[in-house]
Amino acid sequence: MRNPNTIPKRQAEIIRLVERKVNNARVFDIHTHLYDPAFGQLLLWGIDDLLVYHYLVSEAFRFLDLPTERFWQLSKRDQADLVWKTLFIDHSPISEACRGVLTVLHALGLDVKQRDLPALRQWFANWKPEAYADRCLEVAKLRAICMTNSPFDPLERPVWEKGFRRDDRFKAALRIDPLLMDWPNAARQLVKWGYRISVELNARTVAEVRRFLTEWCERINALYLMVSLPPDFSYPGRNTQAGLIEKAVLPFCREAGLPFAVMLGVKRGVNPALKLAGDGVGLSNLGALEALCSRHPENKFMATALSRENQHTLCVITRKFRNLHLFGCWWFTNVPALIEEITLMRTELLGLSFTPQHSDSRVLDQIIYKWEHSRQVIGQVLARKYAGLVATGWEPSETEIDRDVAHLFGGALEDFCGKK
Ligand code: HDL
Ligand code: ZN
């Protein structure tokens with residue numbers, strides 16, 4: 001980065017303006033694992049949930065001799081105590097996930113230098129979930145978040161079936177991993193729910209899978225369908241997964257006007273002993289994404305990739321297909337070093353036709369740090385790009401910058417989903 005003292009005055013002004021606009025933007029967080037407070041215990045929040053987040057668990061295990069199964073037998077509070085001691089007291093909390101916990105506490109006005117976990121717990125104990133959700137959305141400057149909703153989740157499904165008054169800030173997306181990644185078990189489950197499904201993909205099974213998708217997307221008012229796929233996901237194919245995509249999922253999405261979101265490159269359970277923290281990453285065959293977009297021009301696709309090495313190819317594929325919307329620095333790429341590299345690449349190859357970030361938050365409070373940290377990096381990258389325009393004599397107006405920032409932080413995706 002150039003020495004700020006040598007940047008021409010007008011460029012310095014535009015840099016400050018763009019960074020301020022990004023910092024103050026009211027964001028739509030397009031992929032999270034958070035829940036409308038109506039889901040009760042499913043909505044995780046507070047210091048203990050922050051400390052036992054699976055990112056921190058895997059980092060803590062790197063210092064611990066404790067057998068993993070002993071850790072899992074501990075209460076959540078005891079797990080949090082161990083993570084706090086290991087990652088914050090015995091070692092300085094400089095990792096992105098550790099710093100994130102401190103960013104949250106600091107943004108909420110708590111004095112982290114006291115290092116007083118019991119006092120922190122006391123502060124959180126005074127909040128009710130609904131009020132705390134308002135507080136976190138306000139501090140994070142989010143206007144809405146999108147949940148990850150699965151009918152296959154035994155805790156979540158009954159809440160939808162019973163019905164509840166929606167909080168409009170919590171949008172829904174239908175997550176269909178079991179359908180595409182574990183068809184035999186998913187088929188058995190669908191039969192139990194009254195769908196006339198058989199394991200082979202005959203016409204009735206396809207029709208019943210589409211009925212399942214229709215009923216659930218209507219029930220939750222889904223913004224998009226989503227699946228996470230392993231590095232070796234291939235398409236087209238002659239297997240059941242490709243058949244379900246081709247005969248049921250894509251025709252349904254086309255008819256319903258919903259995007260099909262694919263998250264590529266996750267290797268589930270590379271270390272099962274770590275449970276949710278045990279997933280890894282692999283280089284994806286992006287030819288499958290190219291084939292999806294080119295063979296189904298009437299379908300809309302959203303995509304993100306978990307591997308850093310896939311990012312440039314993903315940008316090039318996005319340039320080729322306007323029915324593809326690229327989003328986020330997902331999971332292991334959601335660190336400042338890679339957010340900067342990836343966002344710079346995307347602005348230079350795609351301009352403004354993508355969504356730079358989602359938080360993937362699992363714990364409500366995380367939206368505060370994930371967005372504070374991302375805004376800082378994305379704001380700097382964008383500011384440099386607008387300063388580059390000013391260097392040519394181009395003068396972006398404040399209105400144009402507001403328009404572009406609103407587009408990047410949720411507006412473009414809402415347009416793409418066709419649900420403003
Ligand atoms: O599959 C996904 O949506 C991932 O985001 C996983 O939930 C992962 O565990 C995660 O939380 N990443 O941030
Ligand atoms: Zn996720």
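Tyr 55, Leu 56 and Glu 59 of helix H3 meet Ala 97, Cys 98 and Val 101 of helix H6, contact being heavy atoms within 4.5 Å. The model is predicted, so local features require pLDDT of at least 70 and side-chain atom pairs pLDDT 80 or more, whereas totals for chains, interfaces and linings use all residues. Residues are numbered from 1 along each chain as its sequence is written, chains are lettered from A and ligands numbered from 1 in the order written, and side-chain values use heavy atoms, without hydrogens and water.

H3 (residues 54-61) and H6 (residues 96-107) pack at about 125 degrees, with axes 9 Å apart. Axes are lines fitted to C-alpha atoms, for helices over the stretch in contact, and angles run from 0 to 180 degrees between N-to-C directions. The crossing of H3 past H6 is left-handed (near helix turned anticlockwise from the far one by less than a right angle).

An open sheet is formed by seven strands with parallel pairing, in the order E1-E2-E3-E4-E5-E8-E9. Two strands pair if DSSP finds at least two bridges between them; strands (E, at least two residues) and helices (H or I, at least four) are DSSP runs numbered from the N terminus. E1 and E9 stand at the edges with a single partner strand each, so one side of each has no neighbour in the sheet. Neighbouring strands are turned by 25 degrees against each other on average, direction ignored. Three bridges join E8 to E9, and Phe 301 has Leu 324 in E9 as its bridge partner. Helix H18 (residues 398-417) lies across E1, E2, E4, E8 and E9, at about 60 degrees to E1.

| E1 | 27-29 |
| E2 | 142-146 |
| E4 | 222-229 |
| E9 | 324-326 |

Ala 222, in strand E4, is buried at 1% relative accessible area. The residues that Ala 222 touches, beyond four places away in sequence, include Leu 174, Leu 258 and Lys 419.

The zinc ion (ligand 2) is coordinated by His 31 (NE2), His 33 (NE2) and Asp 360 (OD) at 2.0 to 2.1 Å. Donors are N, O and S atoms within 2.8 Å of the metal (3.2 Å for Na, K and Ca); water is not among the atoms, so sites may look incomplete. The donor spacing along the chain is H-x1-H-x326-D. His 33, in the loop between E1 and helix H2 (47-51), and Asp 360, in the loop between helix H16 (336-350) and helix H17 (366-391), are 327 residues apart. Both His 33 and Asp 360 are buried (under 20% relative accessible area; exposed is over 50%, partly exposed in between; 1.4 Å probe, protein chains only).
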